[in-house]
Amino acid sequence: MRCRWPSATWSGIWRPRWRPDLTGTTQPAYTIAVRALCEFTAKAGDLDLRFTPSPSAQEGIAGHAVVAARRGDGYRAELPLSGEWNGLRVRGRADGYDENENLIEEIKTHRGRPESIPDNHRHLHWAQVRVYGHLLCQERGLDAVNLALVYYDIGSGVETVLREQRDSAWLQTHFAGLCERFSSWAAQESAHRAARNDALTHLRFPHADFRPGQRHLAESIYRANTSGRCLLAQAPTGIGKTVGSLFPTLKAMPQQGIDKVFFLAAKTPGRRLALDGAAKLCSATSTPLRVLELTARDKACEHPDKACHGEACPLARGFYDRLPAARAAAAEVLVLDREALRTVALEHDVCPYYLGSEMTRWVDMIVGDYNYYFDGGAMLYALAQANGWKASVLVDEAHNLVNRARSMYSAEIDRELLRAARAVAPPAVKKALERVGRAWTNVDKGAPAPYQLLESMPAKLVDALQDASSTINEHLAAFPGPLDPDLQRFHFDALQFARLAESFGPHSLVDLSRDADRPTLRDSTICIRNVVPAPFLGPRFAASHSSTLFSGTLGTWQYCTDTLGLPADTAWVEVDSPFTANQLDVHVAKGISTRYQARAASVQPIAELIARQFHERPGNYLAFFSSFDYMDQVAGALARLDPGVTAWRQERRMSETARQGFIDRFAIGGAGVGFAVLGGAFGEGVDLPGERLIGAFVATLGLPQVNPVNEQLRERMQTLFGAGYDYTYLYPGIQKVVQAAGRVIRTEQDRGVVWLIDDRFAQPGIRALMPAWWELGAHNSR
């Protein structure tokens with residue numbers, strides 16, 4: 001095993017040196033943000049998710065800054081305030097305070113007419129500024145204070161100010177009323193937190209002993225949480241990474257005052273394992289840990305044919321009126337997976353997806369996709385920042401994070417969609433879109449090639465896109481209502497493109513491409529293509545109490561920290577495998593090349609190798625290839641060579657049902673070969689222990705295709721890190737190979753064989769990237 005920790009003594013993982021105070025006698029029983037208190041007590045009516053021209057987060061920050069800059073001496077922005085009511089601690093930051101006028105301001109940015117702001121929103125805004133007024137009076141001993149709601153129009157720069165004066169007695173009564181409405185829930189939450197922490201302090205591992213390697217992983221993650229650092233853990237499949245990561249993190253929660261655990265996975269099976277692992281950990285000791293599964297909105301929606309507002313959807317109508325009862329019922333269910341959440345929601349006639357969003361505030365552990373914390377508009381990250389949560393982040397199969405994050409921070413606009421949007425746009429918007437078209441034409445003229453890297457961000461096009469988006473927003477403010485789908489899609493694409501253009505830098509490329517079937521100058525796509533997600537992800541890791549990224553194929557510490565933006569003191573641990581070389585025969589077919597130029601010549605030898613291995617040891621095998629075409633060629637050759645070998649193939653764009661059917665073919669006692677594409681649905685996250693899978697053939701190094709885009713990525717990686725080929729091609733390719741081969745040995749009782757089919761697998765540099773427990777045997781033929 002290899003570790004990268006500074007030398008330090010450590011007292012051991014299962015005996016914390018101190019226990020947190022769980023009685024509530026030395027600190028307030030419950031702490032809540034001003035906004036959260038007001039949202040809990042002041043929201044009513046329908047859920048309404050109709051698109052409105054609201055400012056972006058960046059525009060909101062800029063708007064607050066503009067308003068603050070207009071104020072005179074004695075004005076203080078972002079004034080921290082806090083107070084207590086019967087043990088309930090309320091805290092927040094008032095947007096602004098003018099000492100000369102004794103005036104607290106709550107600033108809200110918007111677009112359009114201020115009178116179009118819904119009454120229930122305005123009621124919520126007044127509740128917030130009045131709470132800040134009370135906290136200020138209490139802190140400074142004031143008899144009264146002036147209060148103002150400032151609605152700042154991002155488009156026009158006009159402020160609409162609503163003012164009132166309140167004495168401290170009235171504000172205290174108002175504050176007490178809100179707190180009293182929240183107090184029973186706060187008492188319940190405080191009791192839950194105390195019971196949770198007490199139970200987690202005494203939490204025991206759910207099995208008689210750790211698997212080999214599992215204890216090392218658990219100790220490393222516990223140490224990361226107690227020291228508040230990030231950790232990279234390269235841990236092989238089969239050691240029980242899910243339970244091995246959850247147990248030490250939950251164990252550290254009471255001691256470190258951790259509020260939330262975010263378990264993030266790229267695929268559904270990983271999330272299911274986390275839910276099952278949490279349930280297993282807590283059921284044996286009756287630990288009251290609330291666990292929530294977040295599901296994508298399109299999968300959770302009960303009425304996909306209806307718009308998301310009270311006039312169209314019955315589950316949105318009166319949502320906030322029925323939410324308190326639904327929330328109370330949901331809090332009684334410890335594991336709120338997708339089905340359990342849906343059951344509670346429908347019992348109370350509320351939307352399952354938005355009930356789940358609400359419950360993120362009241363659960364202890366959240367299981368979801370990467371995007372909930374790492375995306376530009378990530379819900380969990382935003383909530384953690386707004387509420388001051390101390391969160392521990394666990395990232396499962398973290399080798400996927402680089403590519404996933406690249407897609408999060410990339411954006412493209414398509415000329416064909418612009419034309420479709422312009423065709424349905426109202427007159428004022430159409431003129432703005434025509435200006436976009438003229439700016440786009442100038443870019444097209446300067447980049448006539450089928451694919452071309454642009455030397456810099458096309459500033460005039462970006463300006464035109466921003467102007468068009470503002471015009472669309474102004475139109476929506478004047479004429480509320482749904483946009484035509486083509487216009488709305490282009491609007492969203494333009495907004496994302498313009499936002500990423502503002503943060504454009506060496507971490508990204510901007511390029512122009514044309515499809516082969518659309519070769520004219522007028523048919524192009526312009527893309528901001530993220531290469532290094534580190535500048536975007538770095539703040540997410542810094543904001544967590546601790547982040548642990550684990551996978552069987554991370555690459556190297558330097559690769560991960562360079563591309564993902566992990567802190568410089570991030571620790572590294574490489575966990576020994578529980579498996580031994582005599583469990584897995586790993587062979588290199590060094591007499592075969594799968595390079596593109598040699599691919600045709602390799603088809604028959606690969607088919608012969610598969611047939612020979614199958615007859616030597618009949619059973620279930622997986623065979624991986626670099627493309628569907630290559631896969632089909634070898635599968636066809638095998639069928640002609642040996643029709644008696646049962647075979648089935650991965651199809652393009654398989655449904656969930658079809659994918660499950662493919663997996664079900666790997667039955668105990670069965671014998672056949674499943675053909676699949678490396679890096680696809682069956683290369684990882686597939687668990688086929690024992691006789692269900694006894695071998696795999698990997699007929700490719702998994703290297704990404706050499707094309708103009710990847711070559712630009714390679715050049716940029718070379719410029720930034722001096723490792724262009726490794727970071728762009730080699731590491732991602734070998735990660736896929738090892739993941740695919742890892743399907744064979746899943747338990748300490750499994751036995752199997754892997755054939756690595758390409759002469760390059762025999763090269764020392766490639767072999768060094770393979771798992772240490774593998775013993776590679778090279779064969780010219782067999």
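Colleague: How do you know where the positive and negative charges of the chain lie relative to each other, on average?

Modeller: In this predicted model, the mean positions of the 87 positive and 87 negative charges are 3 Å apart. Lys and Arg count as positive, Asp and Glu as negative.

Colleague: How many of the residues count as buried, and by what cut-off?

Modeller: A residue is buried when its relative accessible area is under 20%. Of the 782 residues, 54% count as buried. The accessible surface of the chain is about 33400 Å², and carbon and sulfur atoms hold 50% of that surface.

Colleague: What share of the contacts joins residues at least 24 apart?

Modeller: Taking contacts between residues at least 6 apart in sequence, 78% join residues at least 24 apart. A contact here means heavy atoms within 4.5 Å.

Colleague: Why are strands β6 and β7 called paired?

Modeller: Pairing needs at least two bridges. Strand β6 (residues 144-153) and strand β7 (residues 159-167) are joined by 9 bridges, so they count as paired, and they run antiparallel. One of the bridge partners is Val161 in β7, which faces Val150 in this pairing.

Colleague: What lies between β6 and β7 in the hairpin?

Modeller: There are 5 residues between the two strands, and Gly157 in the turn has a positive phi of about 80 degrees.

Conventions
Residues numbered from 1 in each chain as written. Predicted model: local features only at pLDDT ≥ 70, side-chain atom pairs only at ≥ 80, totals over all residues. Heavy atoms only, no water. Helix = DSSP H or I, 4+ residues; strand = E, 2+ residues; numbered from the N terminus. Buried < 20%, exposed > 50% of the residue type's maximum accessible area, 1.4 Å probe, protein only. Areas by Shrake-Rupley, 256 points an atom, 1.4 Å probe, with all protein chains shown as cover. Charge placed at Lys NZ, Arg CZ, Asp CG, Glu CD.
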